[in-house]
Amino acid sequence: MAKLMDIKGYWNMAYGCDFNDKDMWEGQILLQDDGWFEGIVVDPNSSYKEDRFIFGVYYPEKVIELFKVTPISVNAPFVFHGKRDAKGYDGQFETIGLFGAMPCGNSHIITQYVETVRQGIEEESQKLEAKIQRYKDNIMDEPGKEFYENTFAMRRTMVESILRNYEKRGFTQEEIDELREEFEPVKDRVMQSTEEEVKRLVKKTIETMFDDNDD
C-alpha cells in the first residue's frame, strides 16, 4: 500500500546552502513499495498558481531522485538529486532541455510521513490520487506527457539503478540484459523524438534567417 508523505523542496540558484521560504515548493507524494512515487506540489510564491506534478524514485533515509514538471509554456522539467544528511536530502537540481540536463543550483528536500502527525490518512490519500489524475487529464501537455511516460516506462530500471548507485553496487551482465529490454525501446523513442525536434528547430531557424534577410 502506498504511503502518504508531506514533502517540501528548497532551491538556491547561487549554489549556496542558505535556503529560505521564498524559493520553495511544497505538497504531498504517494510512495510505492518499490520506491516509485508520484505527487502534487505548489510553488506558493510563484505567479503560476496551478498544481505541479512530481514523480521519481525515493528510498527514505537514503536517496531521492525527483522530477518536477509543469506545462512547457511555464517551465522546462526539473530534476532534483538528493542524498540523505542530518536534516533532509541535499544535492543539486537541473533543468532538462532538448539536449540534456543543465545544472541550476543546490537544493534541499525534507519529507515526513503523514501518519506520524495527523489522522484521516485514507481520505487525504484519495484526495491526492484525484489531484494527480486531474493533472494528468487536464493540465499535463504533450511534452510533459511524453516525458512522464518515457520515464515511467523505465520504472524498474530507475528504481534499481538509483538504489544500487547509492549503495555502490553494480549489475551483473545478466541483469543488464534483462533491464535492457525495458530501456532500449524508450531510448529509441527519445532519440527519434529528439531528431524530429532538432529538425523543427533547424527549419524554424532557417526560416527566421530568410525572414530577416528579406526585411
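By about how many helical turns are Glu 160 and Arg 164 separated in helix α3? The two residues are four apart in that helix, so the separation is about one helical turn. Glu 160 and Arg 164 form a salt bridge (a side-chain nitrogen of Lys or Arg within 4 Å of a carboxyl oxygen of Asp or Glu), in which the closest N and O atoms are 3.4 Å apart. Glu 160 counts as partly exposed because its relative accessibility is 31%, whereas Arg 164 is buried at a relative accessible area of 11%. Buried means under 20% relative accessible area, exposed over 50% and partly exposed in between, with a 1.4 Å probe and protein chains only.

The model is predicted; local features need pLDDT of at least 70 and side-chain atom pairs count only at pLDDT 80 or more, while totals for chains, interfaces and linings use all residues. Residues are numbered from 1 along each chain as its sequence is written, and side-chain values use heavy atoms, with hydrogens and water left out.

Helices (H or I, at least four residues) and strands (E, at least two) are DSSP runs, numbered from the N terminus. Two strands pair if DSSP finds at least two bridges between them. Eight strands close into an antiparallel barrel in the order β1-β2-β3-β4-β5-β6-β7-β8. Neighbouring strands of this sheet are turned by 30° against each other on average, direction ignored. Axes are lines fitted to C-alpha atoms, for helices over the stretch in contact, and angles run from 0 to 180 degrees between N-to-C directions.

Six bridges connect β3 (residues 36-42) with β4 (residues 52-59) in the antiparallel sense, and Trp 36 stands opposite Val 57 in β4. β1 pairs antiparallel with β8 (residues 100-113) over eight bridges; here Ile 7 is opposite Thr 111 in β8. β7 and β8, also antiparallel, are joined by nine bridges, with Glu 94 opposite Pro 103 in β8.

Helix α2 (residues 142-153) lies across β3, β4, β5 and β7 (89-97), and runs at about 155° to β3. Helix α1 (residues 121-139) packs on the sheet, where β1, β2, β3, β4 and β5 are touched, and its direction makes about 80° with that of β3.

Rings of Phe, Tyr and Trp (its six-membered ring) pair if their centres lie within 6.5 Å; planes under 30 degrees apart count as stacked, over 60 as edge-to-face and the rest as tilted. The count comes to 16 aromatic pairs. Phe 78 and Phe 80 form a tilted pair, 6.4 Å centre to centre with 50° between the planes. Both Phe 78 and Phe 80 are buried. The pair of Phe 78 and Phe 93 is tilted because the planes are at 50°, with the centres 6.0 Å apart. This pair links distant parts of the chain, Phe 78 in β6 and Phe 93 in β7 being 15 residues apart. A cluster linked by ring pairs includes Trp 36, Phe 53, Tyr 135 and Phe 147.

The structure holds 16 salt bridges. Lys 68 and Asp 43 meet in one of them at 3.4 Å, N to O. Lys 68 lies in β5 and Asp 43 in the loop between β3 and β4, so parts 25 residues apart in sequence are tied together. Lys 68 and Asp 43 are buried. Salt bridges that share partners join Asp 43, Arg 52 and Lys 68 into one network.

Definitions and conventions
Contact = heavy atoms within 4.5 Å.
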